[in-house]
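Hello,

Here is the structure for your files, with notes on what turned up in it below.

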Amino acid sequence: LPLTRQLTNLSGFQWAKVLRGGRAQRIEYLLLHEFHGRKFIVPDKKQYQSGKGADKSKKAKYAGGLVLDPKAGLYDDIVMMLDFNSLYPSIIQEYNICFTTVDRPEVEGEMAQLPEPNAEGELAVLPSTIRGLVQRRREVKRMLKEEKEGAKRQQLDIRQQALKLTANSMYGCLGFSASRFCAKPLAELVTQQGREILQSTANLAEQNLGISVVYGDTDSIFVNTRTKDLDEVKRVGNALRREVNKRYKLLEIEIDAIFYRLLLLKKKKYAAIKLEPNGSG
C-alpha cells in the first residue's frame, strides 16, 4: 500500500488502478501532466482493435540490447562485472532524446538520427522528466542516510523505490504498442545507442587498456583480471571505470560485482562464487 500510494502521487493516476498494476498507464499520466504543464497539446490515444492482424503481445518488434559472445570456460582468476547505472534512462538524458527533438523517419525500417546538441544545454520534456525523478531520488537517498528513526527511514526508502521504478519505466512506454506514448523509432534509437556504448566499452577495455572482456550483456561487461589480488583487481576496475566515464556527461559505469570464480557456459548462462565485503574487509 505505501509503495502504490507513492507511485500514485508521482504519476497523478488513480490509486485503485495503480493497485492493479497499470505501469504503462502510470507513465502515460505522468507524461500527460508534464506536457500539459509545458502547454503542449498531446495527440489523441490510438485505439487498438483486437482480432485479425492485431498484435496480441503488444511488444515492439525491434532490436534490443547487445549480448556479446562469451569466452566460455572456468575462470579461476577474479572476474569483475561492471554495470552502467540505469542505462536506457541515462541514454535518453545524455542525447536529449524526446518526442519533441527526434525527427522520426517516414519510411518503415529506417533508423532515426540523434538530435543536434542543444547550445543552451536545455533538456526536452522526456529527458528533463527523467532527470527530475533521478535528482529527487538522489535527494531522498541523502535524507535516508542521515535519518535515524526507523519509521521515517522506511517511508524514505519506499519513496526512493517509487522514484526508481518510475524513472526506469519511462523507456518502456516508448516500445509498448498499447501505450499512448509509443514511439518505436525513439525506442530503436535508445537501444541502438545502448548497443554502441556496450561495444565501444568492450573495445576500450581490450584495445586501450589490454583488459580481457569475457562476456557482456545489455548494460554490463565481465572482465578477466588475471589475478587473485583484490587490490590489483580494484585498481584495474577503477582504471576502466575512469576511462569509460570520461566519455560521457551523464552515463556512469560502476563496479557491480567481483566473482572469485566464474563458470561461463553460453549467453545468459553462468554460475559464480561472488565476493562480498564483511566486517573484516
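Aspartate 77 is partly exposed, at 25% relative accessibility (buried means under 20% relative accessible area, exposed over 50%, partly exposed in between; 1.4 Å probe, protein chains only). This is a predicted model, in which local features need pLDDT of at least 70, side-chain atom pairs count only at pLDDT 80 or more, and totals for chains, interfaces and linings use all residues. Residues are numbered from 1 along each chain as its sequence is written, and side-chain values use heavy atoms, without hydrogens and water.

Salt bridges

Aspartate 77 pairs with lysine 228 in a salt bridge at 3.8 Å, N to O (a side-chain nitrogen of Lys or Arg within 4 Å of a carboxyl oxygen of Asp or Glu). Lysine 228 sits in the loop between strand E5 (220-224) and helix H8 (230-245) and aspartate 77 in the loop between E2 and E3, so the bridge ties together parts 151 residues apart in sequence. Helices (H or I, at least four residues) and strands (E, at least two) are DSSP runs, numbered from the N terminus. Lysine 228 is also partly exposed, at 46%. The count by this rule is 12 salt bridges.

Another of them joins lysine 71 and glutamate 206 at 3.2 Å, N to O. Lysine 71 is in the loop between strand E1 (67-68) and strand E2 (73-75) and glutamate 206 in helix H7, so this pair links parts 135 residues apart in sequence.

Helix H4

Eight of the eight residues of H4 are buried, so the helix is largely enclosed by the rest of the structure. Just after H4, asparagine 96 has a positive phi of about 55°.

Regards
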